[in-house]
Each structure stands twice: as structure tokens, then as C-alpha cells.
Amino acid sequence: MSSAPAARPLASADTAARGLDLLLTAPRARTGWRVLPARVAAMCLVELQKLRHDRTELYTRAIQPALWLLIFGQTFTRIRVIPTDGIPYLDYLAPGIIAQSAMFIAIFYGIMIIWERDAGVLTKLLVTPTPRAALVTGKAFAAGVKALIQAVVVLLIATLLGVTLTWNPLRLLGVAAAVLLASAFFSCLSMTIAGIVLTRDRLMGIGQAITMPLFFGSNALYPVDVMPGWLRAVSAVNPLSYQVDALRGLLLGTPSHLPLDFLVLLVAAVTGITAASCLLGRLAR
């Protein structure tokens, strides 16, 4: 008869002991790839906070695509020297300028990494439990979000100029995915170069040397059919060409190769993240 009441205080004591153990013992931290999504999101938010405090970059970077559309696009629309299968040249050019402006934002992202190295921020980040892939991926997709904001600006300018674009929500999601993946690749390319050259001046020189060849070696300004053979080979291995092809197919409804385009962009982004992650430690030495 007295055993049941005696068991209850014993059970209560065990429960209290377990609760005390939870207070005194820290929970086991998640490690490895399980923390990757949370750390990527955190790094992305940190990068975007910088944009919140200084928006001048968005305003100044909107000038160049506006000039391309206003001057180059409208001029070549009048003279009609580039075959576009009946599409007004300004319409044909708009997706290429979206891709170009996104690339120009991302391709110099390695300068920020070098600045963080010089300020001691990168060393502090590398001693945290955050995987290097998470650091690189967070910065890469932060560059993608910046490029996406730039793409919205270019779309608005193109609409004001009378460009006929689709506003189908699913197609616009595809546009956002193409911009994010391509920007992730180009930002990782910049961080990879930063891990090799180690200085801002060298990175700036190399970035300026490769941006225009990447742009003119793609189908952003003219169809692949009018290119010489050697330039077609360059375009075939240029991720920017696949981004432009996807953007044209999604925004204008022109014939495109969307599965191939997104596959190439995804492989390029993963390859870029891997390469930049491997060289991040060298940059911090």
C-alpha cells in the first residue's frame, strides 16, 4: 500500500535531476553539413545588411544598363543590321543587358573578400564552426540578390521603353533562378581569382580584363549564328550565353534550351563554390 506513494517522489526527483542536467550541460552543437542552410542564410543576411546602409551602389549601377538600352538598343533597332527573327532589337537586347548588369555586380565581389581579409574579418569568420562552403555560398547568393534587384531595375527601364516582356509569375521565378545561379558563379569566380592573386589591384585588373570578353563572347548582343567559328566556340563554354538564352526564352518566349541552360548554370555555380571554398583559406593566410 505504501510503495506507490514512495515511487512518485522518486520519479519526481529523477525528472528534476534531468532538468537540472539540461540547465548545466549545453546541448550538442550541430556540426558539418547539417548547419549549412542556416549558416548560408545568416551570411547572406549579413551581406545584405551592408546594402541596407548604403544604397548608392544600386543607383550608380543602374546608369550603365540604362545607357545600353537607351543608346545602343534604340540605335540598332532603327538601323536593323542584326538579325533577330522579327523581334525588335531593343526587346532582343533587354535580356542580355539584365545578364550583363548582374555579371558586372558579381564579378568584382572578390574585392570585398580581400577587404574583409585586410580588416581581419575573414580570419574571425574562418575560426568559427561555419563550413567554408557556407561562407562562400552565403556571399555568392548575397551577390545574386543584389543582381536580382538590378535585374528588376533593368526590367522597369525596358518596360518604360516599350519592350514587350512576359509577366507570368512562373516565368519570372525562372528569371530569378537564372540570375541567382549565374551571379553565384561569377561571384565565386571573382573570389577564386582573389584567392590566387591575393591583392585588390591585381583582382581589379583581371576583372576588367575578363568582363568585356565574357560579354562580347556571349549571345547578349547578337545571335550565335552570325558569330565566326572561333567565337561560337567561346560562346559554347561561356555561362553567360546560357543565362541569356534562358532569360530570352522566359521573358520573350523565343526558342530556347531551358533544361540545358539551367543545368549548365547549376553545374557552374556548384563548381565555382567548390573552387572558391578551397582557396578561401589561402586568402586568409
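Biologist: Which residues lie nearest the centre of the second largest pocket, and how many residues line this pocket in total?

Modeller: Keep in mind throughout that this is a predicted model. The second largest pocket has ten lining residues, and those nearest its centre are Arg61, Phe108, Tyr109, Ile111 and Met112. The space in this pocket comes to about 180 Å³. Two helices, helix 3 (56-61) and helix 6 (110-119), each contribute at least two residues to the lining. Helix 6 has the largest share, with three residues. Sorted by class, the lining of the second largest pocket holds seven nonpolar and three charged residues, and no polar ones.

On the side of helix 6, the residues in contact are Gly110, Ile111, Ile114, Trp115 and Asp118. On the side of helix 10, they are Arg200, Leu203 and Met204.

The axes of helix 4 (residues 63-79) and helix 5 (residues 89-106) come within 10 Å, crossing at roughly 155°. Helix 4 is therefore roughly antiparallel to helix 5. Their crossing is right-handed. Helix 4 brings residues including Trp68, Leu69, Phe72 and Phe76 to this contact, and helix 5 brings residues including Tyr89, Leu93, Ile97 and Phe104. The residues of the contact between helix 4 and helix 5 are eleven nonpolar and six polar, with no charged ones.

Helix 5 also packs against helix 8 (residues 132-160), at an angle of about 150° and with the axes 9 Å apart. It follows that helix 5 and helix 8 are roughly antiparallel as well. This crossing, too, is right-handed. Helix 5 uses Ala94, Ile97, Ile98, Ser101, Ala102 and Ile105 here, and among the residues they meet in helix 8 are Ala147, Ala151, Val154 and Leu155. By class, the contact of helix 5 with helix 8 has eleven nonpolar, two polar and one charged residue. Ala94, Ile97 and Ser101 of helix 5 are listed in the contact with helix 4 and in the contact with helix 8.

For comparison with the pocket you asked about, here is the largest pocket. About 630 Å³ of space lies in it. Of its 24 lining residues, Asn219, Pro223, Val224, Asp245 and Pro255 are closest to its centre. Helix 11 (229-236), helix 12 (239-251) and helix 13 (258-284) each supply at least two of the lining residues. Helix 12 gives the most to this lining, with five residues. The lining of the largest pocket divides into ten nonpolar, eight polar and six charged residues, whereas that of the second largest pocket has no polar residues.

Definitions and conventions:
Residues are numbered from 1 along each chain as its sequence is written. This is a predicted model: local features need pLDDT of at least 70, side-chain atom pairs count only at pLDDT 80 or more; totals for chains, interfaces and linings use all residues. Side-chain values use heavy atoms; hydrogens and water are left out. Axes are lines fitted to C-alpha atoms, for helices over the stretch in contact, and angles run from 0 to 180 degrees between N-to-C directions. Helices (H or I, at least four residues) and strands (E, at least two) are DSSP runs, numbered from the N terminus. Angles under 35 degrees count as roughly parallel, over 145 as roughly antiparallel, 65 to 115 as roughly perpendicular and the rest as oblique. A crossing is left-handed if the near helix is turned anticlockwise from the far one by less than a right angle, and right-handed if clockwise. Contact means heavy atoms within 4.5 Å. Ala, Val, Leu, Ile, Met, Phe, Trp, Tyr, Cys and Pro count as nonpolar, Asp, Glu, Lys and Arg as charged, and the others, Gly among them, as polar. On a 1 Å grid over the protein atoms alone, a cavity is a set of points where a 1.4 Å probe fits but cannot get out, and a pocket is an open set with protein on both sides within 12 Å along at least five of seven lines; lining residues have an atom within 4 Å of a point. Grid points are joined across faces, edges and corners, and a volume is the space filled by probe spheres set on the points.
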